[in-house]
Amino acid sequence: MKELPIWKIAYRAISDVGCIRKNNEDMAYVAGKLIRDGETEGEIDLTEKRPIVAFAVADGMGGYEGGEVASEIACRSFSSFIKKGLPEEDNDAMDAIKQWAVNANNLVLETGKLRPELKEMGTTFTGMIINKESLWIINIGDSRCYRLRNGILKQLSTDHSERERTGNQNVPSNLIYNFLGNYPQDFFSDISIYEPLVGDCYLFCSDGLSDLVNDESIEDYFFEPDKLVEIAKEAGGRDNITLIIIQIDEPLET
């Protein structure tokens, strides 16, 4: 007998170099695939045999090579973690995710120490893990997670930026105080748990989108990712632009 899905997860992802940069330091992790300078879309059925799916955006820092390396390390580390699965109990799963974040931070930091050209590298990381009963949001840095519920857009992540921390809008938006590759004593991860609801939609993006496209436009064109990238480019496209849109669809009757 064919196994019926618990949830149907639809997604669309785009990673674009933008208008100014010569290389793309962003990377997206999309249901098991790594995306840079490309796009993908599809649907995933969550079942008892495949009970977990995950997505993430990482925005690398540290110059041409460093940023690319850091974001890829983060996404590959996350991919390996997801393949192992999560503990069944939410508290145990939360502890496992937090430990992954600590390990990933150390991996980026230690890799940077081994090669002088990677010394200053780091990366943001904002991601989602969904299973049959719970949804986790992981937030490290200033890449964002938005949720669209009943037509209302809400930013779920908090920017770990100096502008957000000080409340001073004159502070450059790209100055962040938390990222993968940070000193262990300064590193932390914001991890929140939610209940998946039918019809909820999520958008994860690097600041190449959120710095140039306001929340009103994100809400208006939420289901048109190509249009969102176009708006960011029309506004200058000064950074790489990466986004993932995820929709939790009606589960089938079991």
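Rings of Phe, Tyr and Trp (its six-membered ring) pair if their centres lie within 6.5 Å, with planes under 30 degrees apart counted as stacked, over 60 as edge-to-face and the rest as tilted. Tyr-29, Phe-78, Phe-81, Trp-100 and Phe-125 form one aromatic cluster.

The structure is a predicted model, in which local features need pLDDT of at least 70, side-chain atom pairs count only at pLDDT 80 or more, and totals for chains, interfaces and linings use all residues. Residues are numbered from 1 along each chain as its sequence is written, and side-chain values use heavy atoms, with hydrogens and water left out.

**Aromatic pairs**

By the ring rule, 8 aromatic pairs are counted.

| Pair | Centre distance | Plane angle |
|---|---|---|
| Tyr-11 and Phe-55 | 5.6 Å | 55° |
| Trp-100 and Phe-125 | 4.9 Å | 55° |

Tyr-11 in strand β1 (residues 7-16) and Phe-55 in strand β5 are 44 residues apart, so that pair links distant parts of the chain. Helices (H or I, at least four residues) and strands (E, at least two) are DSSP runs, numbered from the N terminus. Trp-100 in helix α2 and Phe-125 in strand β7 are 25 residues apart. Trp-100 has a relative accessible area of 5% and is therefore buried, and Phe-125 is buried at 0%. Buried means under 20% relative accessible area, exposed over 50%, and partly exposed in between (1.4 Å probe, protein chains only).

**Nonpolar cores**

A nonpolar core is a set of buried Ala, Val, Leu, Ile, Met, Phe, Trp, Tyr and Cys residues joined through side-chain atoms within 4.5 Å. The largest one holds 31 residues, and Phe-78, Phe-125, Ile-129 and Ile-138 have the most contacts inside it. Elements giving two or more residues to this core include α1 (63-84) and α2 (90-114). Apart from it lies another core, of 24 residues, among them Val-30 and Tyr-202.

**The sheet**

Strand β9 (residues 144-149) is joined to β10 by 4 bridges, and Arg-149 has Ile-152 in β10 as its bridge partner.

**Charges over rings**

The charged end of Arg-165 sits over the ring of Tyr-177, 3.8 Å from its centre. Likewise, the charged end of Lys-227 lies over the ring of Tyr-221, 5.6 Å from its centre. A charge sits over a ring if NZ of Lys or CZ of Arg is within 6 Å of the ring centre and within 35 degrees of the ring normal.

Note on methods: Two strands pair if DSSP finds at least two bridges between them.
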